[in-house]
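Good morning, and thank you for making time for this presentation. I would ask you to keep the sequence and the structure in view as I speak.

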Amino acid sequence: MKTHFYLYLNLIGLLTMLECTSLYRPMMELPLRVHIINSNHSGIDANISNSEVKELLVGVNKVWKQAGITWKIESIVPSIIGNEDKLANFLRKPKDLTYGRKLLVNSIPLENKLETGWNVFLIKSLGPSGGVYLRELCVIMFPVHSDIGRHPQILAHELGHALGLNHVKADGLNLMQEKPPKGTDESLRDPTKANYLSKEQISKARKQALLGRAFDIRRDY
Ligand SMILES: [Zn+2]
């Protein structure tokens with residue numbers, strides 16, 4: 001009996017220690033609906049296969065593993081965007097990004113949005129942008145053929161915003177680093193290297209994950 005009691009105490013002590021050191025972190029699975037935008041405009045049509053989408057998510061999940069978070073594809077659905085002509089015109093020469101952003105917000109079809117999870121819309125290109133979190137709608141737009149390439153780290157970054165994470169100073173390492181100023185060390189601009197999350201960021205993201213999608217962020221691109 002006495003032995004059992006000591007074993008019990010040891011078990012409680014072990015669990016407390018693991019929680020305090022963040023070694024014990026139950027895996028969280030977050031549902032993600034992927035909307036593939038179809039269009040006759042070649043600048044909009046995402047033209048990506050389901051297996052490529054799954055491959056993209058493998059890359060995203062490699063990044064989020066450190067936080068004990070797995071993004072699970074709930075479904076992959078086709079989607080038609082509004083204001084196609086205006087959007088295609090804008091994407092040919094994306095200059096006024098504020099206008100482009102407003103146009104996107106007013107064009108994204110929301111009838112198929114997964115309300116109990118997260119949503120990402122895949123589009124061919126977003127001009128100079130590698131991805132954007134539109135907090136007004138709580139959706140991510142991700143260009144699958146962007147000027148800077150298709151990097152799972154960038155989608156992982158946008159999902160960070162969707163879990164309430166703000167930008168941190170550009171250091172070449174953090175997943176949530178802000179855009180490095182032009183003319184800085186090129187290593188800071190390599191999205192494949194910036195995939196680290198701090199303990200504080202992990203804790204914040206996991207708390208937000210329990211609440212759902214985040215709206216409250218200062219910046220969103
Ligand atoms: Zn950002």
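**Strand E5 and its surroundings**

I begin with a pairing in the sheet: strand E4, residues 132-134, is joined to E5 by three bridges, and the two strands run antiparallel. Please bear in mind throughout that this is a predicted model. Within this pairing, Tyr133 has Ile140 as its bridge partner in E5. E4 and E5 form a hairpin with four residues between the strands, and in that hairpin Cys138 adopts a positive phi near 55 degrees.

Which strand pairs with E5 in a parallel manner? That is strand E3, residues 118-123, which is joined to E5 by five bridges. Leu122 has Phe142 as its bridge partner in E5, and Ile123 is bridged to Pro143 in E5.

Is E5 itself mostly covered or uncovered? The strand, residues 139-143, is mostly covered, with five of its five residues buried. On one side, the residues pointing away from E5 are Val139, Met141 and Pro143, while Ile140 and Phe142 point the other way; all of these are buried. Two residues already mentioned return here: Phe142, the partner of Leu122, and Ile140, the partner of Tyr133. For the chain as a whole, buried residues make up 30% of the 221 residues.

Five strands form an open sheet in the order E2-E1-E3-E5-E4, with mixed pairing. Strand E2, residues 69-79, and E4 stand at the edges with a single partner strand each, so one side of each has no neighbour in the sheet. From one strand to the next, the twist averages 25 degrees.

I turn next to the arrangement of the chain. There are six helices and five strands, and along the sequence they follow the pattern α-β-α-β-α-α-β-β-β-α-α. Of the contacts in the chain with a separation of 6 or more, 63% are between residues 24 or more positions apart.

Two helix pairs deserve attention. The crossing of H2 and H5 is right-handed. H2 contributes Leu56, Gly59, Val60, Val63 and Trp64 to the contact, and H5 contributes Pro152, Gln153, Leu155, Ala156 and Leu159. By class, the residues of this contact comprise eight nonpolar, two polar and no charged.

The second pair is helix H3, residues 84-92, and helix H4, residues 97-107. Their axes lie 11 Å apart, and the packing angle is about 150 degrees. The crossing of H3 and H4 is left-handed. In this contact, Lys86, Leu87 and Phe90 of H3 meet Gly100, Leu103 and Ser107 of H4. The residues here divide into three nonpolar, two polar and one charged.

To close, I return to E5, which runs parallel to E3 and antiparallel to E4, with five of its five residues buried. Thank you for your attention.

Technical notes: Residues are numbered from 1 along each chain as its sequence is written. This is a predicted model: local features need pLDDT of at least 70, side-chain atom pairs count only at pLDDT 80 or more; totals for chains, interfaces and linings use all residues. Axes are lines fitted to C-alpha atoms, for helices over the stretch in contact, and angles run from 0 to 180 degrees between N-to-C directions. A crossing is left-handed if the near helix is turned anticlockwise from the far one by less than a right angle, and right-handed if clockwise. Two residues are in contact if their C-beta atoms, placed from the backbone, lie within 7 Å. Ala, Val, Leu, Ile, Met, Phe, Trp, Tyr, Cys and Pro count as nonpolar, Asp, Glu, Lys and Arg as charged, and the others, Gly among them, as polar. A residue is buried if 20 or more other C-beta atoms lie within 10 Å of its own, exposed if 12 or fewer, and partly exposed in between; C-beta atoms are placed from the backbone. Two strands pair if DSSP finds at least two bridges between them.
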